[in-house]
Structures are given as C-alpha cells and as structure tokens.
Amino acid sequence: MLSIGDVQLQTNLLLAPVAGYFDLAYRKVVRSVGGVPCRPGDVSGPRDVGDGTYGAVGLTCTELLCPHAVLREADRAMWRAATDDEDRPVAMQLYGCDADILCEAARWAEARGATIIDINMGCPVDKVTKKHGGSKLLCTPGSTAKLAAAVVNAVSVPVTAKIRLGWDDDQIIVDTLPPALCDAGVQMITVHGRTTAMRFKPSVRLDGIAQTVAAVKRRHPDLPVIGNGDITTPADAERMVDATGCDGVMVARGAMGQPWLFRDIAHRLATGEDPPPLPRHERARLVLAHFENLARYRDDKVALRTIRQRISKYSAHLQPWPGLRRSVAAITDADAFRDFWQAGVGRLRVEHEAEALAPV
Ligand SMILES: Cc1cc2nc3c(=O)[nH]c(=O)nc-3n(C[C@H](O)[C@H](O)[C@H](O)COP(=O)(O)O)c2cc1C
C-alpha cells in the first residue's frame, strides 16, 4: 500500500490536479466508482462505495490555488479549494515562490481539510511562470528546495511536489531537484514526463520518469515517486509502471469523461487483464451524479452549462446513443436535462438487459 508520510492510500492511483475540471463535484463522482475489494477489518470510511469495494482512486487533488486568493477567501478561490469530509484523502495544490505567503496559505489549507499540501512545480502557463511560480521553480533548484523546506516546517500534514523533467532539454533537473526536495522533507514526488518547453505534447518521456525514480530512490528508497503523462487506458498505466518503476500513476486528461477509468486501471494492475467494461447505463448514471453534484454545490445553471461543455467527452464513452450531443446542446433548462437523461439511463439499462439475455 502506498504511504505519503503517515497518510496511507487505498490504491496507488491518483487523480491529477486539473484547473477548471476536477473540482469537488467531479472528484466525488470519481471516488464513487469502486473496484478494489474491501479488506476484512479495514475501517472503510467514505471510500467504501457500498458494493463491497473501495473507490479505486487513492488520492485526488484540488487544482492549483493562488495563495493570495485563498488567504483573501475570494469567491472563486473558495470554490476551487472546496472539499468536504467525503472528499478524503485530498491534496490541496498551491503555487508561487514567496515562502512567507506560501507557508501561510499552506496553514490555511491544512485548517480547511487538506490531507496533503502539494506544491506546483510544473505549470507552464505564462501568468504563473512570469511570477517565478509553477515550472519556473525548476530553474532555481537551490532556492526551490529551501522554499519546500519552509512549507514542510509550516504544516503538520505531508508536503509533496509535482514537477516536470526540467524547463527544456538544456535544463533537465531529474537527477538533482527531486532528491534535494526529498532531503528538504517533501514526502512524494509526482513527475509529469515532459519539459516546460514541451507543454502537453509530444509524447511523454518514460525514460525521464524512470531517471527521476532512480534519483529519488538512491537517497530516499522509501519515498514514493508517481508517474504522470499520457495515460488514457489501463494498458498505458501498466506500461508506465513497468517502464519506469514508479510507485503509482496520476491521470489527468484521460480521466475527463471517464470517471470509471481508475476502476479499470486498478483491475488491470491487479490481474494483468482489463475488466468487463462498466455498462453504459452505469456510466450514464455517473454523468447524472456529476450533474446533481454541480447543482448541489453550485446551482442548476452552472450544472447545465458544465455538462453541456463536457458532453463531447462523455458522449465518446456512451455510444451508441444517436443524436446525444445535439440533444444536450438543445436543452436550456436543468429539469429538462434531468428528464432527458433519466429516460436515457432507463433506455440504456433495458438495452443492457436485452443484450445479457440474447442467445450467443
Ligand atoms: C486543462 C488542464 C489544466 C491543468 N491544471 C493543472 C493544475 O491546476 N495543476 C497541475 O499541477 N497540473 C495541471 N495540469 C497538468 C496535469 O495535471 C497533468 O500533469 C498533465 O495534463 C499530463 O497528464 P495527462 O497526460 O494525464 O493529461 C493541467 C492540465 C490540463 C490539460
């Protein structure tokens, strides 16, 4: 089992921080999909999803949070940082380069339920790097390790860091910065196998992740290193683990529109085989759960707008459902969406039962 300091994770599968996507409403849907058998005697807590299994995701994370905004408790920052007792364990991710403000924000996050504080050292966006935050921290390993040490000393929960391979090919930091961060008290490194210059393409470099794992393990054999990049199927996750020796995997874009992906990955990593696909009516039910979470935590308007924006991602995993995207685009009222979707779930269930009864 994967441990981050004194925090034990149920699985070694992590949902990535993704700005604008993986908020509380979506994280709770991802958590609700099981797949890992409950062990007798375990304290199941909120991760027991009710069918004799735990949610297959071991850790989730808020999107990157601006320390100034959370300390001001600005409305948008509050929603980005929102969590609750069932959204555990959860990391809150902070970015920036000012040790005092970062430490204050880390204490704020700990007081509001963060199980873990993650420091963003991978964001390539100009708005963040121009102020020396995000992946710009990779360019100054000495002061970045000191910054991490300050945050470690400011809180009593574990501190982790999410990095890239370096700023560009001339400034690869995998042999130096990750072990230095661990010397400074950081308890887990997640490495996105690209440089800042690569942004989100081309293909992830598994050899760079393997090099990071080796560099950390040489000095800190017990600290976990998580591999991230281009995992969209269980086979991708298996390849990441096999090729790099990483202790777990983190998924971002691959989990958009398929919150059940962790169930499938957990099964593949445990058995070497893909599980039977989650039936379409159960997938559709999760979309409705996402909608209702958004309605509950925000309001009907935000729920409808968000699902309309995400329907192309979901639609890809619900086919055949003729005219799905067109129908959803035409819906302008939340209750009309509920009616439409419940009817759809019912129809998919009937189709599923008919398929199960059909002679082979
Ligand atoms: C829209 C978008 C928003 C992201 N927001 C964050 C963020 O807030 N914090 C962070 O550390 N990484 C962020 N990332 C990077 C992802 O966490 C991840 O490292 C990257 O997408 C590679 O993983 P993937 O191939 O599984 O998508 C973001 C990526 C995307 C596409």
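Author: Start with the second largest pocket, which holds about 330 Å³ of space in this predicted model. Of the 14 residues that line the second largest pocket, G20, D23, W79, R298 and R310 are the closest to its centre.

Reader: Which elements supply at least two residues of that lining?

Author: α3 and α12 (300-315) each do. α12 gives the most to the lining of the second largest pocket, with five residues.

Reader: And how many nonpolar, polar and charged residues are in the lining of the second largest pocket?

Author: Seven charged, four nonpolar and three polar.

Reader: Which domains does the lining of the second largest pocket draw on?

Author: Domain 1 (3-271) and domain 2 (280-357), with at least three residues from each.

Reader: OK, the largest pocket. What volume?

Author: About 880 Å³ for the largest pocket. It has 40 lining residues, and those closest to the centre are P17, V18, A19, L64 and C123.

Reader: Which elements each supply at least two residues of the largest pocket's lining?

Author: Among the strands, β6 (60-65), β9 (159-166), β10 (188-195) and β12 (248-251). Among the helices, α2 (67-72), α3 (75-81) and α5 (126-129). The most comes from α2, with four residues.

Reader: What lines the largest cavity?

Author: L14, L15, L59, T60, C61, A91, D118, T160, K162, M188, T190 and M250 line the largest cavity. The elements that give two or more residues there are β3 (13-15), β6, β9 and β10. By class, the lining of the largest cavity has seven nonpolar, three polar and two charged residues.

Reader: And the second largest cavity, what volume and what lining?

Author: The second largest cavity has a volume of about 50 Å³. Its lining consists of Y21, F22, Y26, M256, G257, H290, R310, K313 and Y314. By class, five residues in the lining of the second largest cavity are nonpolar, two polar and two charged.

Reader: Which element has the largest share of that lining?

Author: α12, with three residues. R310 lines the second largest cavity, and R310 is also one of the residues closest to the centre of the second largest pocket.

Reader: Where does the second largest cavity lie relative to the two domains?

Author: The second largest cavity lies between domain 1 (3-271) and domain 2 (280-357), because both give residues to its lining.

Reader: Last topic, the chain as a whole. How many helices and strands?

Author: The protein chain has 14 helices and 12 strands. Its C-alpha trace spans about 65 × 45 × 45 Å along the principal axes.

Reader: What does the radius of gyration say about a compact globule?

Author: The protein chain has a radius of gyration of 21 Å, which agrees with the value near 21 Å that a compact globule of 360 residues would have.

Reader: What percentage of the residues is buried?

Author: Buried residues are 54% of the 360 in the protein chain.

Reader: And how many of the contacts between residues at least 6 apart join residues at least 24 apart?

Author: Of the contacts in the protein chain between residues at least 6 apart in sequence, 69% join residues at least 24 apart.

Notes. Residues numbered from 1 in each chain as written. Predicted model: local features only at pLDDT ≥ 70, side-chain atom pairs only at ≥ 80, totals over all residues. Heavy atoms only, no water. 1 Å grid on protein atoms, 1.4 Å probe; cavity = no way out; pocket = protein on both sides within 12 Å on 5 of 7 lines; lining within 4 Å. Points joined across faces, edges and corners; volume = space filled by probe spheres on them. Nonpolar A, V, L, I, M, F, W, Y, C, P; charged D, E, K, R; others polar. Domains from an automatic or database assignment. Rg over C-alpha atoms; globule rule 2.2 N^0.38 Å. Buried < 20%, exposed > 50% of the residue type's maximum accessible area, 1.4 Å probe, protein only. Contact = heavy atoms within 4.5 Å.
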